[in-house]
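Open the model in your viewer and keep the selection tool at hand.

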Amino acid sequence: MKVLIIEDEERGFSRLKRLLQNIDNSMEIQGPLTTMRAVIDYLQNPHDEDVIFADIRLGDGDVFEAFLEIAPTSPVIFTTAYNEYALEAFKSNGIAYLQKPILTEELEKALTKAKALCNKVIDYSALMEKMGMATGKKWRDYFLVHIYDGFKLVKTTDISYFLSENGVVRAYLSDGNSVPINQSLNDLELQLNPNLFFRVSRQYMVNIERIDKLTNFFKYKMTISLHGFPELRIVVSKDKIMKLKNWLDR
């Protein structure tokens, strides 16, 4: 089998290549293509890969933009850090995708699904619209939050973690203060860079740059310690532990 990988992060490419070779060491793996321009140039020339793995966000745009200019003829498996809510767009279109961090068993399922997509025509413009991925969209950089005497501008990189409690979400800042956020954690997952923030449970979303260590907890759970919050121990949901470890070890 010949495989093309579109991925702009070296670690992401290396990890996917290693997982594929563990499944079948006879795979011929090409790439990575790291930019939208490189994808367009590649698709303009003769190519014979059996399947394409495509990260969505590249250094100079979304891979959808390249596919709108020249549609691939091979089945595509999208690799993405989007959460389950956003991935409904893929599910509803019957498209193969892998949510990062990629797990071996999910990779095998996606490869099986891709074989059924050889003759499927995908409307990439509709998919872009459905995912809210219009050209030029950026991850959220700031929050304008209401405080007692007016408003405060908060940078997302200054936020250590979000906590949802009793229907209220608060952002806890690196200086120890907290501010209310008029968004649900589900909404925040769609707005924040998934390479920086990870939803570890129904209540908590944490900033990777603030993580100090992971500690084993009872019944196969783990807790997270954060810099600047020595007394805080965030329990990681059991079903999130493996994804969290893979997300941190990129």
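Predicted model: local features only at pLDDT ≥ 70, side-chain atom pairs only at ≥ 80, totals over all residues.

Residues are numbered from 1 along each chain as its sequence is written, and side-chain values use heavy atoms, with hydrogens and water left out.

Now turn to the other residues of α1. Phe13, Arg15, Leu16, Leu19 and Leu20 are buried, meaning under 20% relative accessible area. They lie on the same side of α1 because the arc they cover around the axis is only 165°, taken from the directions from the helix axis to the C-beta atoms. Show β1, β2 (28-33), β3, α5 (104-114) and α8 (241-248), which are among the elements covering these buried residues. Helices here are DSSP runs of H or I with at least four residues, and strands are runs of E with at least two, numbered from the N terminus.

Next, select Ile6, Val39, Ala54, Val63, Phe67, Val76 and Phe78. Of the 22 residues in the largest nonpolar core, these touch the most other members. Such a core is a set of buried Ala, Val, Leu, Ile, Met, Phe, Trp, Tyr and Cys residues joined through side-chain atoms within 4.5 Å. At least two residues each come from β1 (2-6), α2 (36-44), β3 (51-55), α3 (63-69) and β6 (76-80); α2 gives the most, with five.

Finally, go to Ser160 in strand β10 (residues 159-165). Ser160 counts as buried because its relative accessibility is 0%. Leaving aside residues up to four places away in sequence, its contacts include Tyr172, Asn207, Arg210 and Phe229, with contact meaning heavy atoms within 4.5 Å.

Technical notes
Buried < 20%, exposed > 50% of the residue type's maximum accessible area, 1.4 Å probe, protein only.
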